[in-house]
Amino acid sequence: MFKTDTALFLNRRHVFLAVCAASLLGASGLAVAADEAPEAFIQRITTETLDTIKADKALRAGDVSKIMQLVDSKLMPHVNFRRMTALATGPAWRKATPEQQKRLQEEFKILLVRTYSGALSQITDQAVVVKPLRAGQEDKNLVVNTEVRGKADPIQLDYRLEKTPGQGAGWMIFDLNVLGVWLIENYRNQFTKEINAGGIDALIASLAARNKSNTKAS
């Protein structure tokens with residue numbers, strides 16, 4: 001089974017998860033200028049949504065059904081979740097059938113939502129400070145570095161973005177970093193073990209079992 005759920009909730013990472021969930025799960029769906037800078041994009045969604053989470057007792061209490069509704073309406077427009085799941089799955093993703101890929105995305109989303117939901121109550125006085133963008137980065141793999149600041153020591157929180165193509169182009173998130181550990185890399189190591197042991201179907205079954213266990217525990 002996966003160790004990520006436990007690892008992500010250790011000590012200072014509680015606050016990271018709360019802010020991470022806030023910045024993603026509550027991301028505003030309002031249209032913005034097509035030329036919005038990546039730093040401005042991250043600053044906007046984190047500032048707007050931290051305030052939203054702080055004011056919503058149900059979200060701060062980890063109401064999973066309400067969080068799931070928020071994910072579907074606010075998160076997905078700002079996250080390339082297919083790319084995130086594909087990268088976490090590794091080479092086996094290309095061999096998976098469309099139905100297997102769909103199931104993987106569904107179960108992975110549930111796992112992440114339930115992992116983050118318990119951290120929302122940790123939000124108090126935190127604010128996110130966006131650092132200057134490093135020069136020379138490519139739009140398809142651009143990193144915005146931030147710090148979560150509050151009463152405790154600052155916590156590293158970075159976002160990996162890609163520029164969306166076409167008219168009205170903006171930015172999409174497809175990976176997150178906390179204290180030097182990227183989310184995709186963390187899950188890929190675990191997913192690879194499951195796939196090597198029993199294939200894609202074994203990974204799907206393991207994710208589904210974990211999600212079912214989390215449901216009973218909540």
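**Close-up views of the predicted model**

**View 1. The end of helix α6.** Gly-90 follows α6, and its phi is positive, near 85°. The model shown is predicted. Helix α6 spans residues 81-89. Its buried residues are Phe-81, Met-84, Thr-85, Ala-86, Ala-88 and Thr-89. An α-helix has 3.6 residues a turn, so residues three or four places apart point the same way.

View 2. Strand β3 covers residues 155-163 and includes Asp-158. Which side chain of opposite charge is nearest to Asp-158? That side chain belongs to Lys-131, 6.4 Å away. Asp-158 is buried but has no salt bridge.

**View 3. The surroundings of Asp-158.** The side chain of Asp-158 makes a polar contact with that of Gln-156, at 2.6 Å. Leaving aside residues up to four places away in sequence, Asp-158 touches Val-143, Val-144, Asn-145 and Thr-146, among others. Asp-175, Leu-176, Asn-177 and Trp-182 are also among the residues touched.

**View 4. Confidence along the chain.** Mean pLDDT for the chain is 80, with 75% of residues at 70 or more. Among the elements, helix α7 (residues 92-95) has the highest mean, 96. Helix α1 (residues 4-8) has the lowest, 46. The pLDDT is below 50 over residues 6-12, a stretch with 16 contacts in the model beyond near neighbours in sequence. Residues 28-33 also have pLDDT below 50, and this stretch has nine such contacts. Where pLDDT is low, the predicted coordinates should not be read in detail.

Methods: Residues are numbered from 1 along each chain as its sequence is written. Side-chain values use heavy atoms; hydrogens and water are left out. Helices (H or I, at least four residues) and strands (E, at least two) are DSSP runs, numbered from the N terminus. Buried means under 20% relative accessible area, exposed over 50%, partly exposed in between (1.4 Å probe, protein chains only). Lys and Arg count as positive and Asp and Glu as negative; His and the chain ends are not counted. A salt bridge is a side-chain nitrogen of Lys or Arg within 4 Å of a carboxyl oxygen of Asp or Glu. A polar contact is a pair of N or O atoms within 3.5 Å; within protein, one must be able to donate a hydrogen and the other to accept it, and residues adjacent in sequence count only if both atoms are side-chain atoms. Contact means heavy atoms within 4.5 Å. pLDDT is the predictor's confidence in each residue, from 0 to 100.
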